Every structure is written in C-alpha cells, then in structure tokens.
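At each one you will be told what to select and what to look for.

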Amino acid sequence: MTTYGGFQPVFCTIVPPHVLDRLARNTDPVLAGPARRTLQRDALERTRRGLTTVIGAPSVAPRADAEAEKPQRTVYDARHGTDLPGRKVRGEGEEPGQDATVNRAYAGLGATFEHYLKVYRRDSIDGAGLALDATVHYDREYNNAFWNGEQMVFGDGDGEIFLDFTIALDVIGHELTHGVTQHTANLTYYGQPGALNESVSDVFGSLIKQYSLGQTAAEADWLIGAGLLAPRVTGEALRSMKAPGTAYDDDVLGKDPQPATMDDFVRTGRDNGGVHINSGIPNHAFYLLATELGGHAWERAGQIWYDVLTGGELAEDALFTDFATLTVQAARERYGDGDELEAVGKAWEQVGVRTL
C-alpha cells in the first residue's frame, strides 16, 4: 500500500514536449519562436516546482464550515507577464466581466469542482475544500496550460497552431485532476506510472466535459483538447481516447504518436519516459470499458477508476499491470461478479495489459 508520502515535484502541461520540440525546429520563426519560448518557460516553471517541493508550498488556511462543499474560485490576469498569480480579476460569486478568457476559466474551475463533488462526493481537488486559483493571459504567445502544484495557469496560444487554452473544458479538468492525483496516489511522473498519471487526467478531464454536456459514452467525442488547434492545423485535438494515434496528422505538428495497445508501446527517455505518449494505452482501455458498459461513463467506469485512484492501494510507482489489476478488484468489490467486472477484464485484454 502506498503511504502517500511527500508529493512528487510534478509540473504538468497539457501540450506534450515532443509537440513543442517539433514546432521549435520549424524553419518559420512565426511558428518556432513561440514554441521555443514556451519550452524555455516550461523548463523554468518545472525547476520552480521542484524547489517548491523541497522548501514546501505556502500553507493554506482552512475554510469555514459554512463554505464546505462550495467552490472558492479566484481568477487572476498575468497581463502577458509571468509573475504568479497576477492581478485578481474575478472572485467567487462575482458577475462575469467582458473578458471571455476569464469567464471560461472561472466556469471551468466550477465545472470541475461540481463534477468531483456531485459524482464522487469529493470536496475540491484535495478532498478538503482547497481553493481553486487560476491565472490567464500568461506570458506572450504561450502555447500551454499547466498545473504547478498550487494553481492553474493558461496561455493564450500563438494563434497559428494553438488557440486560447481556456477553450477546452477537458483541458481544465485534466490539469486540475493532476492535483487530485497529487493529493491521492501521487503517481511518479516517469515511465508507466507517469503515463498512468497523464491517463487519469485525460480520463477525468473527458468525464468532466461529458458530465457538463450531459453526454453518454456513445455521444462523447473522447477527444482531449478539441478546439485548441488553430484552423491551419490538420487535426481534431491533442489526443484521442477512442483511437489513439489519430488526433492529428499535420505537416507542421507531425503525426500523433500515441499507441492504442502494448504492441506499440514506445520506449523513450524523452517526455519523462513517454508519459504523454504511452498514456494512450490506459486511455483506450477506459474508452473500451465505458462504451461497453454504456450510459454515462462517469457512473460505473469512472467510479471504478476513482476507487483505484483514491483507495490507498495504488503504489506511486505502479505499472499498467498493477493499475489494471486494481481496477478488476475495484469492479468486483463495488459491483460483484457482473457486467462491470467482465467489461474491465475485457478492456485491458484488448489493449494487451495483463491483470494478475
């Protein structure tokens, strides 16, 4: 059993480094410049996150009982700078302003909070009412969004390849779910446990979008980051859970490298051992489970994944096989020897992951 000890120094971005690396090598400075600056900024923020883990994050005052199970959102505007959090522009309960980016960030924080509370009875991402902060308009032409261990940060994109990162609700849910993982299983951000970390964020990011739209598993698009790619890009999104490896195939971005099964597992030292690439395998397993069970994916399929993430048995260095085995156990414990148990085993078998 994991003891949920000290948090890993995880800095999580929605756009994978391999995408930005390719853009940074482009001969067109309009495309390469923002990508290079984004990579440099990400490297600095990653270092800051590591230092925060060493010296400790600032303490957060407990909120009053009257505020329990209610979101406490604050949105800040970096005004294209990099000092966090920036200038406060909207607090909890305040009316929308003229800035659509601020309003989308505020709504996305709320949708994520509501999903975890209403579906899984989790009070914010730490389970204890953690305030949700977000900064928008970060840096200039910043091609990413990230969770830095304490808050959300959104770039505006360069307008050439990426658009405003508050556009996609599943991106907001994805990044905040890194916070849920940080406060629960604390999966190591490298190799297979890192890919599981990324996959869990994709799973719940997609579920948050589906819950907000009232979609069934059959109605959902199962895309991560739909709407983020600029019109010139040949692609639908950053990733596809339904068909990993098909999200984009573009002259500039290249082809989506995600595998759908263990037959195509990618061994690499880049991207923390391919955490954004091999996450396609557990992503696809979840999609197969959710569509096999039908109905609303956040109910049975999502509940099984949530039980594993928060149940205390998932080790920080868990491999795909370990996670898969725990989902089988969770399905049996919650639903008995029924359709759910059979569907979980079948989903992992289809992607080539053994269960013990």
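A crossing of two helices is called right-handed if the near helix is turned clockwise from the far one by less than a right angle, and left-handed if the turn is anticlockwise. Keep that in mind for the first stop, and remember throughout that this is a predicted model.

**Stop 1: H7 and H10**

Select residues 280-293, which form helix H7, and residues 339-350, which form helix H10. Their axes are 8 Å apart, and the helices pack at an angle of about 145°. Looking from one to the other, you will find that H7 passes H10 in a right-handed crossing. Now show the side chains: on H7 the contact is made by Pro282, Ala285, Leu288, Leu289, Glu292 and Leu293. On H10 the partners include Ala343, Val344, Ala347 and Trp348. Which classes of residue does the contact of H7 with H10 have? Colour by class and you get 9 nonpolar, 1 polar and 4 charged residues.

**Stop 2: the annotated domains**

Next, select residues 74-182, which an unreviewed UniProt entry annotates as "domain: Peptidase M4". The chain over this stretch is 32% helix and 18% strand, and its end C-alpha atoms are 21 Å apart. Then select residues 185-353, listed by UniProt, again in an unreviewed entry, as "domain: Peptidase M4 C-terminal". Here the chain is 47% helix and 5% strand, with the end C-alpha atoms 20 Å apart.

**Stop 3: H3 and H4**

Select helix H3 (residues 100-120) together with helix H4 (residues 169-182). The two axes lie 9 Å apart and the packing angle is about 55°, so H3 and H4 are oblique to each other. H3 passes H4 in a right-handed crossing. Where do they touch? From H3, residues including Arg104, Gly108, Leu109 and Tyr116 meet residues of H4, among them Leu169, Ile172, Leu176 and Val180. The residues of this contact of H3 with H4 divide into 8 nonpolar, 4 polar and 1 charged.

**Stop 4: H3 and H5**

On the H5 side, show Phe204, Leu207, Ile208 and Tyr211. They meet a set of H3 residues that includes Ala111, His115, Val119 and Tyr120. By class, the contact of H3 with H5 has 8 nonpolar, 2 polar and 2 charged residues.

**Stop 5: a pair of rings**

How many aromatic pairs does the structure hold? There are 17 aromatic pairs. To see one of them, select Tyr120 and Tyr306: the ring centres are 4.6 Å apart and the planes are at 10°, so the pair is stacked. Zoom out to see where each ring belongs. Tyr120 is in helix H3 and Tyr306 is in helix H8 (residues 300-310), so to speak linking distant parts of the chain, 186 residues apart.

**Stop 6**

Finally, select the loop between strand S2 (73-77) and strand S3 (87-91), where Pro85 is found. Leu84 and Pro85 are joined by a cis peptide bond, with omega about 5°. In the loop between S2 and S3 you will also come across Arg79. Although Arg79 is not a glycine, it has a positive phi of about 55°.

Terms used:
Residues numbered from 1 in each chain as written. Predicted model: local features only at pLDDT ≥ 70, side-chain atom pairs only at ≥ 80, totals over all residues. Heavy atoms only, no water. UniProt positions renumbered as here; feature names shortened; annotations may be inferred. Helix = DSSP H or I, 4+ residues; strand = E, 2+ residues; numbered from the N terminus. Axes fitted to C-alpha atoms, helices over the stretch in contact; angles between N-to-C directions. Parallel < 35°, antiparallel > 145°, perpendicular 65-115°, else oblique. Contact = heavy atoms within 4.5 Å. Nonpolar A, V, L, I, M, F, W, Y, C, P; charged D, E, K, R; others polar. Phe/Tyr/Trp six-rings, centres within 6.5 Å; stacked < 30°, edge-to-face > 60°.
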